[in-house]
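Work through the exercises below with the sequence and the 3D structure at hand. Try each task before reading its solution.

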Amino acid sequence: MNSYQETGGTSENLKLLEDKKLDLVTAQADVPAGPSARILAKLYGDEFQLMVQNTARIKTFRDLRGKRIALPAAGGQYRSFLNLAEHFGLTAQDFQFVGSTEAEANQIFSDRQADAIFRVRAPSNTTLKALVQKGEITILPIEQASAMGIKYPTFIPSLIAQGTYQGFPPIPPQDLPTVAVHRTLLAREDLDFTVVYAITQVLMDYRQEIVDAIPPDQAEIRPLVAQFQEPETGTGLGAPLHPGALAYYDRDRPSFIQENADLLGFLLTLLLVIGSWLVQIKGMMEAHQKNQADEYSSRVIILLEQVQVSKSLRELEKIHHELLVMLTAAVRDLDQDVISEESFQSFRVVWQIALDVNRERRTFLAQKMRQSATP
């Protein structure tokens with residue numbers, strides 16, 4: 001059975017997701033998610049909203065030192081507040097945090113028992129609107145958002161627009177700089193692929209239907225739907241995309257081959273040209289190798305003819321020496337790829353025949369000479 005659960009905020013949401021007690025949760029983007037979390041979408045921007053009692057005489061963030069802050073000392077909003085404090089040279093020990101729950105902290109601030117309240121909420125949040133419209137409360141600007149983004153990349157500069165909480169007189173009376181972080185929709189990595197695809201599709205393709213389903217007494221939520229968008233990928237920050245969401249976002253994107261058809265066509269043509277060159281070069285090399293081997297073989301045949309008609313042992317010795325020198329040269333050319341292995345073997349056969357004939361001719365002439373010398 002499908003159900004939803006009200007929680008204490010981002011940190012509790014992420015824990016329930018890791019404990020497999022919830023399938024889908026929302027979370028501030030500046031709070032690290034667990035290993036099981038996978039992102040579906042960026043929903044809308046949550047703004048850092050710092051409100052102070054007029055009687056507290058607080059003009060800047062550093063004026064909060066030693067003051068009572070209506071903020072539970074745990075959770076995503078607490079973490080965001082401490083990151084702000086660190087940027088301005090303050091730590092948790094510089095504040096008094098009151099309220100064990102957000103509701104309790106709201107009541108404490110409403111009863112003027114706290115000097116300030118800090119929330120990370122969408123513009124015109126109904127709870128904050130009720131606090132502001134009670135009067136005697138000032139919304140403080142939070143400067144240096146761009147500088148904070150250097151250390152905290154999820155922090156982005158934003159504005160609390162003039163008249164966000166009241167049109168006349170306008171509250172705030174002018175645009176106030178502040179910091180914002182995206183609120184994201186996360187799912188467990190083992191949540192069914194098709195379910196996640198369908199949820200992502202509804203969020204992106206049926207925004208008007210979602211707006212129409214929001215009741216009139218919650219009309220301030222409707223503008224948030226227009227901010228639903230695909231998360232950035234490849235930044236190395238935050239949870240990775242769920243495969244089901246990724247499949248939805250990639251549905252209309254051309255494949256790598258389609259997207260790079262011109263480049264791939266050029267590379268294919270280039271490879272074919274290079275291949276043709278290599279074939280030609282290989283053919284030229286093989287022809288050169290064969291010519292060199294044929295030259296060796298031709299020289300051996302000439303020597304073989306000389307052996308057959310020779311009548312001098314000295315000439316035969318000279319031919320034997322030339323055959324050995326030729327073999328040495330052929331082996332060297334084989335090592336240097338001047339001739340191929342196949343061509344070398346063909347030459348070797350002819351060379352061996354010439355060597356054998358030379359040896360037999362020398363033996364024959366030596367015997368004949370001995371016979372002539374016998375009385």
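A salt bridge is a side-chain nitrogen of Lys or Arg within 4 Å of a carboxyl oxygen of Asp or Glu. The model is predicted, so local features need pLDDT of at least 70 and side-chain atom pairs count only at pLDDT 80 or more, while totals for chains, interfaces and linings use all residues. Residues are numbered from 1 along each chain as its sequence is written, and side-chain values use heavy atoms, with hydrogens and water left out.

**Exercise 1. Salt bridges**

Task: State how many salt bridges the structure holds, and describe the one between D190 and K20.

Solution. 
Step 1. The count is 14 salt bridges.
Step 2. In the pair D190 and K20, the closest N and O atoms are 3.8 Å apart.
Step 3. Locate the partners, using helices (H or I, at least four residues) and strands (E, at least two) as DSSP runs numbered from the N terminus. D190 is in the loop between β8 (176-188) and α6 (193-205), and K20 is in the loop between α1 (10-18) and β1 (24-28). They are 170 residues apart, so this pair links distant parts of the chain.
Step 4. Classify the accessibility: buried means under 20% relative accessible area, exposed over 50%, and partly exposed in between (1.4 Å probe, protein chains only). D190 has 44% and is therefore partly exposed; K20 has 56% and is therefore exposed.

**Exercise 2. A strand and a helix**

Solution. 
Step 1. The partner is E102, with 3.7 Å from N to O.
Step 2. R119 belongs to strand β5 (residues 116-121) and E102 to helix α3 (residues 102-110), so the bridge ties together parts 17 residues apart in sequence.
Step 3. R119 is buried at 1% relative accessibility, whereas E102 is partly exposed at 22%.

**Exercise 3. Aromatic rings**

Task: Classify the pairs F61 with F88 and F81 with F97.

Solution. 
Step 1. Rings of Phe, Tyr and Trp (its six-membered ring) pair if their centres lie within 6.5 Å; planes under 30 degrees apart count as stacked, over 60 as edge-to-face and the rest as tilted. The structure holds 13 aromatic pairs.
Step 2. F61 and F88 are 5.2 Å apart, centre to centre, with 25° between the planes, and the pair is stacked. F61 lies in the loop between β2 (37-53) and β3 (68-70), and F88 in the loop between α2 (76-87) and β4 (96-98), 27 residues apart.
Step 3. Both residues are buried: F61 at 6% and F88 at 17%.
Step 4. The ring centres of F81 and F97 are 5.6 Å apart and their planes are at 85°, so this pair is edge-to-face. F81 is in helix α2 and F97 in strand β4, so parts 16 residues apart in sequence are tied together. F81 has 0% relative accessibility and is buried.
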